[in-house]
Amino acid sequence: MSPPSQTLIQNGTIVTCVKDDKLPIHYPADVLIRDSLIVQISDPNTIVAEEGTLVIDATDKLICPGFIDTHRHVWEAPFKWMGDWTLMEYVGKCIRLLTPVLEPKDAYASQLHGVLEALNAGVTTMVDFCHLTTTPEMFPAMLEATKESGIRSFICYSRWEEWPYGKGRKVWQMEQIKKYAKEGTGSDRVTFSLAFEGFDDTFFAELKDELWPIASEHGIDVLGTHYVSGMNNLSGRTVEEFHSRGLLDRPVLFVHASGADEKDFERIVASGSGISAAPETELHMSHGDPNAMFADDAGVRVGLSVDCSTVVSGDMFAVMRSCLSWHRGVENAKLSRDGKLPMHNKRRAGDAFRLATIGGAKAIHRESMIGSIEVGKKADILLIETLSPGMLGCQRDPVQGVVLHATPEDVSMVIVDGEVVVDKSRAKADGVFTRVDWSTAVSDVRGALERVRAKIDDTKEEKSYMELADMLGLHAKSTDDY
């Protein structure tokens with residue numbers, strides 16, 4: 001689907017970071033888009049639209065860069081019953097039990113739900129940690145759903161061998177990885193990328209001898225892995241392992257890094273690597289303390305992420321608020337223990353806005369392309385209402401409005417690559433998504449949920465979790481005695 005050759009966003013208020021400024025700026029402006037790029041930014045109502053230009057009235061609206069979600073398990077979106085689970089419950093009940101029972105049609109439906117949930121909330125770019133590679137049919141189904149939505153995605157194929165899915169998958173998974181690495185995804189907006197999880201010598205040997213050469217040969221540069229050492233060190237010292245094994249010869253996106261120390265930060269900075277912080281999930285699921293802003297202080301490329309919209313909200317507004325609240329709370333509590341009060345808050349709303357936009361772009365080395373409203377960058381833009389009950393009055397400081405008061409309902413339009421993909425002014429019968437019929441998507445998701453509930457229940461989930469607890473010796477490390 002091709003957007004019009006020119007789009008003019010007229011008479012709005014731009015909110016964006018520019019260059020290397022720490023805090024965003026805001027000012028009234030027109031924005032002209034030609035094809036997929038921002039080509040002109042001028043004073044409001046000064047750009048004259050050529051014939052055939054799509055003109056969008058942005059009066060009383062904020063013009064923001066699309067949010068960049070640097071780590072989301074997109075396919076999990078429909079399974080919203082995991083919010084009371086710890087991380088290890090999630091591994092035992094979701095990864096270990098749910099994923100093996102899903103079929104390709106379930107994967108397609110749930111993936112489409114996940115990308116539409118993100119787009120509806122103003123996410124224009126995501127790094128999709130695609131772990132649902134249980135059969136050869138699953139990844140192509142999820143890729144197709146992603147492409148249909150219109151979102152910009154770095155879809156990270158994750159190869160699993162023995163656990164949690166059992167043996168016998170390496171041959172076809174490696175064949176798929178080589179195929180997509182060579183041929184691409186068939187979409188300019190969807191980039192084939194890699195995710196990998198493991199802790200033992202076999203994992204690291206495979207990474208260095210098999211996956212790293214593929215990435216080098218085909219220019220795959222978004223490479224992600226989880227690092228959750230803050231949780232009783234169950235996952236080891238991932239950054240240290242990568243460094244000692246010579247695997248920080250290129251940037252790696254470390255997810256959470258909630259137990260990272262100063263040495264980790266130094267190695268991450270030196271290698272050009274980044275951190276994807278998911279503070280809302282980290283606080284809910286016992287990952288250890290969030291450290292997004294502390295890593296940012298150390299010069300790390302830091303982006304924010306939702307992680308699992310099965311567990312927490314699927315929007316970056318909540319993530320920004322969680323990030324800001326946690327870091328303010330920790331630092332202000334330290335002052336309180338010392339008998340002091342803060343004269344001003346050290347952490348600003350603009351810090352969270354930066355991490356959710358240009359920070360995410362920097363974390364994946366795409367800051368020259370996305371993450372801000374600047375001439376020459378991709379037209380990944382969202383419009384946010386300022387006259388809604390929650391946003392009325394934010395005109396004095398629209399940055400605080402976006403971070404502390406806005407919700408997905410305030411997002412009125414989403415543009416990706418110059419194309420309007422969400423338009424909430426459309427007639428109800430047409431739906432807000434310009435590429436996808438929402439009613440059909442709902443029907444498909446309901447079908448997937450019915451099939452899942454016919455196969456698993458609370459008893460089976462708990463049994464799977466207890467089996468995992470026995471395998472990992474969690475009973476000696478865990479307690480319900482708070």
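This is a predicted model: local features need pLDDT of at least 70, side-chain atom pairs count only at pLDDT 80 or more; totals for chains, interfaces and linings use all residues.
In strand β8, Tyr 157 is the bridge partner of Cys 130. Strands β7 and β8 pair in the parallel sense, with six bridges between them. Strand β8, which spans residues 152–158, is mostly covered, as seven of its seven residues are buried. Arg 152, Phe 154, Cys 156 and Ser 158 point one way from β8, while Ser 153, Ile 155 and Tyr 157 point the other way, and all are buried.

Strand β7 (residues 123–130) is also joined to strand β6, by four bridges, and these two strands run parallel. Within this pairing, Met 126 in β7 is the bridge partner of Asp 69. Six of the six residues of β6 (residues 67–72) are buried, and the strand is therefore largely enclosed by the rest of the structure.

The largest nonpolar core contains 117 residues, of which Tyr 90, Phe 242 and Leu 304 touch the most other members. Helix α1 (residues 87–98) supplies the largest share of this core, namely eight residues. When residues up to four places away in sequence are not counted, Tyr 90 touches His 73, Glu 76, Met 82, Trp 85, Ile 95, Met 285 and Cys 308. Another core, of 16 residues, lies apart from the largest one; among its members are Ile 381, Leu 383, Ile 415 and Val 420.

Ile 381 belongs to strand β14, which covers residues 381–385. This residue has a relative accessibility of 0%; because buried means under 20%, Ile 381 counts as buried. With neighbours within four places in sequence left aside, the contacts of Ile 381 are Ile 9, Val 31, Ile 33, Ile 38, Ile 63, Cys 64, Gly 66, Thr 124, Ile 373, Met 413, Val 414 and Ile 415. Ile 381 and Val 123 are 258 residues apart in sequence, and their C-alpha atoms are 9.2 Å apart in space.

The largest cavity holds about 50 Å³ of space. Its lining consists of Asp 221, Val 222, Leu 223, Pro 251, Val 252, Leu 253, Gly 274, Ala 363, Ile 364 and His 365. By class, seven of the lining residues are nonpolar, two are polar and one is charged.

Note on methods
Residues are numbered from 1 along each chain as its sequence is written. Side-chain values use heavy atoms; hydrogens and water are left out. A nonpolar core is a set of buried Ala, Val, Leu, Ile, Met, Phe, Trp, Tyr and Cys residues joined through side-chain atoms within 4.5 Å. Buried means under 20% relative accessible area, exposed over 50%, partly exposed in between (1.4 Å probe, protein chains only). Contact means heavy atoms within 4.5 Å. Two strands pair if DSSP finds at least two bridges between them. On a 1 Å grid over the protein atoms alone, a cavity is a set of points where a 1.4 Å probe fits but cannot get out, and a pocket is an open set with protein on both sides within 12 Å along at least five of seven lines; lining residues have an atom within 4 Å of a point. Grid points are joined across faces, edges and corners, and a volume is the space filled by probe spheres set on the points. Ala, Val, Leu, Ile, Met, Phe, Trp, Tyr, Cys and Pro count as nonpolar, Asp, Glu, Lys and Arg as charged, and the others, Gly among them, as polar.
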